[in-house]
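Here is a friendly walk through one protein model. Have the sequence and the 3D view ready, and follow along residue by residue.

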Amino acid sequence: MAAAATASAARRGGGGLWEGLYRVLMRRNSVYVTFIVAGAFVGERVVDYGVHRLWEYNNVGVMYLNLILSCKRYEDIPVLGQRQSE
């Protein structure tokens with residue numbers, strides 16, 4: 001009987017990280033769904049920012065905005081499909 005009481009107390013007492021997360025997030029469906037939706041939104045923003053920065057890093061000097069900023073006149077902007085005269 002005493003062993004069963006201590007085992008029951010151990011289950012209620014600590015529990016660790018996963019037990020605490022379960023108690024906070026997954027006990028109620030509304031909290032769980034809110035956590036999932038917020039996590040998806042934040043995750044999407046993080047991935048979008050990372051991909052955007054990677055894209056800019058790999059395409060420095062060849063993007064349209066860089067071409068416009070480096071040209072002094074509108075006529076200096078190359079037209080797609082035409083070779084630049086040297």
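Phenylalanine 35 has 45% relative accessibility, so this residue counts as partly exposed; that label sits between buried (under 20% relative accessible area) and exposed (over 50%), using a 1.4 Å probe and protein chains only. Phenylalanine 35 lies in helix α3. Helices here are DSSP runs of H or I with at least four residues, strands are runs of E with at least two, and both are numbered from the N terminus. In sequence, phenylalanine 35 and leucine 25 are 10 residues apart, and their C-alpha atoms are 7.3 Å apart in space.

Please keep in mind that this is a predicted model: local features need pLDDT of at least 70, side-chain atom pairs count only at pLDDT 80 or more, and totals for chains, interfaces and linings use all residues. Residues are numbered from 1 along each chain as its sequence is written, and side-chain values use heavy atoms, leaving out hydrogens and water.

Now step back to the whole protein. It has four helices and zero strands, so the order from the N terminus is α-α-α-α. Of its 86 residues, 5% are buried. The protein exposes about 8300 Å², and 63% of that comes from carbon and sulfur atoms; accessible areas come from the Shrake-Rupley method with a 1.4 Å probe, and for residues only the protein chains shown count as cover.

How do α2 and α3 meet? Their axes come within 7 Å and cross at roughly 100°. The axes are lines fitted to C-alpha atoms, for helices over the stretch in contact, with angles from 0 to 180 degrees between N-to-C directions. The two helices, α2 and α3, are therefore roughly perpendicular to each other, a label for angles of 65 to 115 degrees. At this meeting place, Val24, Leu25 and Met26 of α2 touch Val31, Tyr32 and Phe35 of α3, where contact means heavy atoms within 4.5 Å.

Next comes the surface. Tyr22, Met26, Tyr32, Val33, Phe35, Ile36 and Val37 make up a nonpolar patch with about 650 Å² of accessible area together. Such a patch joins nonpolar side chains (Val, Leu, Ile, Met, Phe, Trp, Tyr) within 5 Å, from residues with over 30% relative accessible area and no salt bridge. Two or more residues each come from α2 (16-26) and α3 (29-58), and α3 gives the largest share, five residues. Isoleucine 36 is found in helix α3.

Finally, the structure holds one salt bridge, meaning a side-chain nitrogen of Lys or Arg within 4 Å of a carboxyl oxygen of Asp or Glu. Glutamate 56 pairs with arginine 53, their closest N and O atoms being 3.6 Å apart. Because these two residues, glutamate 56 and arginine 53, are three residues apart in helix α3, about one helical turn separates them.

Here are some partly exposed residues:

| Residue | Relative accessibility |
|---|---|
| Isoleucine 36 | 44% |
| Arginine 53 | 45% |
| Glutamate 56 | 27% |

Conventions. Patches are made of residues with over 30% relative accessible area and no salt bridge: like charges are joined within 9 Å, nonpolar side chains (Val, Leu, Ile, Met, Phe, Trp, Tyr) within 5 Å. Angles under 35 degrees count as roughly parallel, over 145 as roughly antiparallel, 65 to 115 as roughly perpendicular and the rest as oblique.
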